[in-house]
Protein chains: 2
Amino acid sequence: MSEVRQKAIQAQAAVPQLNRLTTDQKNKALLAMADALLEKSDIIITANGEDLERGRQQGTPESMLDRLALNQERIAGIAEGLRQIVDLPDPVGEVLETFTRPDGLHIQKLRVPIGLIGIIYEARPNVTVDAAGLCLKTGNAVLLRGGSSALSSNRKIVEVLHEALAKTDLPPDALQLVEDANRSSVDEMLKLNGLLDVIIPRGGASLIQNVVANATVPVIETGAGICHTYVDESSDPVMAAEIAINAKAQRPSVCNSMETLLVHAAFAEQHLATIAEQFRELNVLLKGCDAVRRIVPSAQPVSEEDYATEYNDYILNIRVVSGLEEAMQHIAQYGTKHSECIVTANTENAERFLHDVDAAAVYHNASTRFTDGFEFGYGAEIGISTQKLHARGPMGLPALTSTKYRITGDGQIRQ
Amino acid sequence: MSEVRQKAIQAQAAVPQLNRLTTDQKNKALLAMADALLEKSDIIITANGEDLERGRQQGTPESMLDRLALNQERIAGIAEGLRQIVDLPDPVGEVLETFTRPDGLHIQKLRVPIGLIGIIYEARPNVTVDAAGLCLKTGNAVLLRGGSSALSSNRKIVEVLHEALAKTDLPPDALQLVEDANRSSVDEMLKLNGLLDVIIPRGGASLIQNVVANATVPVIETGAGICHTYVDESSDPVMAAEIAINAKAQRPSVCNSMETLLVHAAFAEQHLATIAEQFRELNVLLKGCDAVRRIVPSAQPVSEEDYATEYNDYILNIRVVSGLEEAMQHIAQYGTKHSECIVTANTENAERFLHDVDAAAVYHNASTRFTDGFEFGYGAEIGISTQKLHARGPMGLPALTSTKYRITGDGQIRQ
């Protein structure tokens, strides 16, 4: 039997025991995990050093090595993340509906764990701990398949977590790491129907696309974000500039940052040159349509392909549009239904935009960067869903639960 | 371009217009559909006659022809189903959460249509109308792919509905029927990512398995039901018999009927012979384990395969178990997580069963036959989900919606 199937079976076998844990038992297990990470940080950092060394030998870019690197401070941050999950309310057992039928049947709909959750991710070892914490807190078993470049780190982290869990009521088997670095282990994981209840991919567009295109297990699609800000004719130029700059440049590498700025023609004539100057001061490379380049001659020409690209970088497309309709058409064509914003003083236009634009989060006069579990007050998130089923937008703990109907009677039969 | 892709594009193009309809506009369209079915029932019945004739020539069994057959009374029932959907509350626009963040951002989470829903089904022409009504009521476009044996009926029904919709505010393009009877049209539909937002299969186990195994579009799995009733030691023998008989024989052909009866050994010694006799009077064929056959000699031997079979017929497996644990193990091994019941006077055992058994609906002292949208008071349902994501159990109108975050600010940017 392959490693991935064997570990899925082990994790699934822990599901009934997990299902019987109280919130207190789960929280104690998470705290033990946090303590163990701090205590054993030296050996984790040593293992991480092996990954970094291998990465350097393979010529991995510094930015990638930085995502991979662990130090005392980062491990402390990861442990603190677990403590924050402990503080979040446990959604399991929450009664969502309760009603009594005319025949006396009492029906409750309540939240239950999903079962076994698969996470496929890249080279960030912090995801190993975050994902484990969020899944275990909600009573789910978890099968982790991280990138091979972080394998030594992940193996050591999971070893430390297993040792910690062995001293708690939470069965260590509930947490499994696939160590097989071959692509075939991912392919097999995507088709483990009957063992895996859901797969959540966390990573770049190509990882997510591979999962969506090949999985037969249900998937929650996350992350891809080609987000827009539309600056309407009537918008306050200072507010518009602040929101646009924040959406692009406050942290360009994340999915809720803006890739394309759409500007009403009349606003562009008056204010675009000033805003473009602010972007240039922040070293943002500008690409623009012909109308933009008349106003901002230094902008490079923009292509259809640019509009369809998630840069995650200090690069911005700018397009002048005739108004709300053209802006919404552009968003419908190129957006990924993640986060979309209108800056306007026209409430009618704002209402149209908020209603008609099809996205997980639609904004009026605020930066798209707010699409985030912490910013919404949900606490830690497993990702931002860009699909429409089960969960959409920032996924807090309730997104990691299913529901169950509990029906009690005194002999009712159907007529 | 293939017919299925072309019709998906046409339906998807109607989504923005659908999204702007009020509840009243949608209800008027549904009523117009109901009226048109009644007015044009003659030509629908004529078209249905062609399907029946073809079916007879091909030697289709009578039971299948009965599912396919339409007459004035059945069409009146189908039209009445549409009127009942009109009476259901419209979930679209419902505000599920609303909160203001410390920085003044106002966030609402509200229900929105999913977009374009694909339905793949078999030879029941009533599904054409039911599915169209439920999807359109929730502001979704719908791409229908029914069985080829009902093609003439479905084509005529959709023609009648299109004519009716043309006189309403609801764009007729929102309702599309795939007429290509080749299997390849299903295969293509399963991979229409970006056009289809979800596929809901309605039909037998092989249809559902094909969809689950091959779709890259998200799927809501419905229907497969290997349901159990466990009769505990302490249960009232009259109640136990009534519930078991109702669960098996009130309507064996549906997914929430019982396939296997699990009986505590001590209860079996005292009462199984009597219950078996009642089943025989209803012409239920009994299969049993060795312990059962000592008590009920006429029972046939039961196999592992029988335990894993959804009969949907007057056939019942009976197994004697040592108690609650063995019963729950059997259910975990053979169940499809649909509906599971315990009959007991022991509240501790009932609590264990209701908590530990992993199924969409778990029952104490009531027949599994209640797992149904109407019985739960939800009104018409699109199916019974046996998966854990998005919707589980009877799916009423809210299961046909997604959500969206609507965020309004006055210039907030992220720090």
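In strand β4 of chain A, A141(A) is the bridge partner of L116(A). The structure is a predicted model, in which local features need pLDDT of at least 70 and side-chain atom pairs count only at pLDDT 80 or more, while totals for chains, interfaces and linings use all residues. Residues are numbered from 1 along each chain as its sequence is written, chains are lettered from A and ligands numbered from 1 in the order in which they are written, and side-chain values use heavy atoms, with hydrogens and water left out. Helices (H or I, at least four residues) and strands (E, at least two) are DSSP runs numbered from the N terminus.

**Annotated region of chain A**

- The unreviewed UniProt entry carries the annotation "domain: Aldehyde dehydrogenase" for residues 4-284 of chain A; such annotations may be inferred rather than shown by experiment.
- Over residues 4-284, chain A is 53% helix and 16% strand, and the end C-alpha atoms are 43 Å apart.

**Four-stranded sheet of chain A**

- The strands of this open sheet follow the order β5-β4-β3-β6, with parallel pairing; two strands pair if DSSP finds at least two bridges between them.
- At the edges stand β5 (175-177) and β6 (198-202), each of which pairs on one side only.
- Neighbouring strands of the sheet are turned by 20° against each other on average, direction ignored.
- Strands β3 (residues 116-121) and β4 (residues 141-145) of chain A are joined in the parallel sense by 5 bridges.
- Helix α7 (residues 125-137) of chain A lies across β3, β4, β5 and β6 and runs at about 160° to β3(A); angles run from 0 to 180 degrees between N-to-C directions, and axes are lines fitted to C-alpha atoms, for helices over the stretch in contact.
- Helix α10 (residues 205-214) of chain A lies across β3 and β6, at about 160° to β6(A).

- An open sheet of 10 strands with mixed pairing runs in the order β1(A)-β2(A)-β16(A)-β13(B)-β12(B)-β7(B)-β8(B)-β11(B)-β9(B)-β10(B).
- β1 (95-100) of chain A and β10 (300-301) of chain B each have a single partner strand, so one side of each is left without a neighbour in the sheet.
- β16 (residues 401-412) of chain A pairs with β13 (residues 361-366) of chain B in the parallel sense over 5 bridges, and V362(B) is the bridge partner of R406(A).
- Helix α11 (residues 237-249) of chain B packs on the sheet and touches β16 of chain A as well as β7, β8, β11, β12 and β13 of chain B; contact means heavy atoms within 4.5 Å.
- Helix α15 (residues 324-334) of chain B also packs on the sheet, with a direction at about 175° to that of β7(B).

**Helix pairs**

- In chain A, the axes of α11 (residues 237-249) and α12 (residues 265-281) come within 10 Å and cross at roughly 40°.
- α11(A) and α12(A) are therefore oblique to each other (angles under 35 degrees count as roughly parallel, over 145 as roughly antiparallel, 65 to 115 as roughly perpendicular and the rest as oblique).
- Residues of this contact include A244(A) and K248(A) of α11(A) and F267(A) and F279(A) of α12(A).
- In chain B, α7 (residues 125-137) and α8 (residues 151-166) pack at an angle of about 35°, with their axes 9 Å apart.
- Among the residues that meet are V129(B) and L136(B) in α7(B), and I157(B) and L165(B) in α8(B).
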